[in-house]
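Here is a short briefing on one protein model. Please look over the sequence and the structure before reading on.

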Amino acid sequence: MEAIGVLLTTPVYSYLEEELDSRFKLFRIWNFPQKDEFLKENSDFIRAIVGTPNSSVNREVIDSLPALEIISSFSVGLDHVDLAYCKEKGVRVTNTPDVLTEDVADTAIGLILATLRGICECDRYVRAGLWKKGDFKLTTKFSGKKVGIIGLGRIGTAIAKRAEAFNCPISYYSRSQKPETNYIYFPSVVELASHCDILVVACALTAETRHIINRQVIDALGPKGFLINIGRGPHIDEHELVSALVERRIAGAGLDVFEKEPHVPEELFGLDNVVLLPHVASGTVETRNAMADLVVGNLEAHFSKKPLLTPVV
Ligand code: NAP
């Protein structure tokens, strides 16, 4: 397979780059300052793209690669890929489901605990020598709180299971009801938000779920409610969230993702009611290796004319 051209549009995890390098002819587009020149010379040889959430594979990119057969994404979310256009053009698309579910759900619970119990702030308190001057303020209990989940898919379900172990009643909003669970279904996000203490965003990012957290939802969550986002940044109207946090119209937020990563609104930096993570929910060595193996496995399956491991399109 050494002759098969595979395009990387952004640098990725070193293990994945090494695995790709050892099997395919890997093109790192950032090494070519003249993008048009690069495409003119190489586009006929590039048969695959390895995608990442921070690099859009839109119509323009797809049209610029006439030999493109497959996009193997190093992510489960595919909001960065024009899936409809891929289907139309017969370009296959794969992602990395399941292998990251546990880590992302673990991170969601970690964010809930960090946000409600002020764990990061406690750490800063000790490091700053403030403990000698007095005890830390009281925080908010997690166990037993009502947890509402937007998107009861693989990750949402894994979060629900973990929250159940904290004796939290679970409710959810998804496209479809899940009668196989005994969780309470709400037919709208506003209703879910007004019936829970902690609202967790775990759905896919699509045109319908962009800004699924808006002013109305934030108001329904209310001043005692917490918002956790381990989905994608554009699920939240960030401008509305920032003003709600500044004005204490919600109790707090734990955020792994942001609308314009790696840009994070500076207004959040001084707030004690928010925990900020740099999009690391699946960021363990074990999980990233498993994701990388799936990316490579899908490419190998495709070019050996075997069934794809995790096909989406
Ligand atoms: P999944 O199993 O496909 O679940 C997606 C969920 O989104 C499903 O429950 C689905 O509802 C729901 N959904 C889709 N469109 C919706 C809509 N219009 N309204 C309400 N709910 C909708 O995917 P997953 O593996 O759990 O991953 C979920 C998302 O997590 C990914 O798409 C990705 O963006 C994000 N993620 C983030 C990180 C991170 O590092 N922060 C890591 C991995 C994944 P139904 O059940 O009714 O179909």
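Which residues line the largest cavity? The lining consists of Ala 114, Thr 115, Gly 118, Cys 120, Glu 121, Arg 124, Asp 272, Asn 273, Val 274 and Val 275. The model is predicted. The points below cover the cavities, the domains and the interface.

**Cavities**
- The count comes to 2 cavities of 30 Å³ or more.
- The largest cavity has a volume of about 60 Å³.

**Domain layout**
- The domain assignment gives two parts: domain 1 covers 5-98 + 285-303, and domain 2 covers 101-276.
- Between the C-alpha centres of domain 1 and domain 2 the distance is 32 Å.

**Interface area**
- Interface size is often quoted as the accessible area lost when the parts come together.
- Domain 1 and domain 2 bury about 580 Å² between them. Carbon and sulfur atoms account for 42% of that area.
- On the domain 1 side, Asp 79, Asp 98 and Thr 287 lose the most area to domain 2. Together they make up 67% of what that side buries.

**Interface contacts**
- In contact across the interface are 8 residues of domain 1 and 5 residues of domain 2.
- The rule finds 1 salt bridge across the interface of domain 1 and domain 2.
- Arg 232 and Asp 79 form a salt bridge, with their closest N and O atoms 3.0 Å apart.
- Polar contacts across the interface of domain 1 and domain 2 number 3 residue pairs, both residues at pLDDT 80 or more.
- The side of domain 1 that touches domain 2 has 3 nonpolar, 3 polar and 2 charged residues.

Notes. Residues numbered from 1 in each chain as written. Predicted model: local features only at pLDDT ≥ 70, side-chain atom pairs only at ≥ 80, totals over all residues. Heavy atoms only, no water. Domains from an automatic or database assignment. Contact = heavy atoms within 4.5 Å. Buried area = accessible area lost by both parts, 1.4 Å probe. Salt bridge = Lys/Arg side-chain N within 4 Å of Asp/Glu carboxyl O. Polar contact = N/O pair within 3.5 Å; in protein donor to acceptor, adjacent residues only side chain to side chain. Nonpolar A, V, L, I, M, F, W, Y, C, P; charged D, E, K, R; others polar. 1 Å grid on protein atoms, 1.4 Å probe; cavity = no way out; pocket = protein on both sides within 12 Å on 5 of 7 lines; lining within 4 Å. Points joined across faces, edges and corners; volume = space filled by probe spheres on them.
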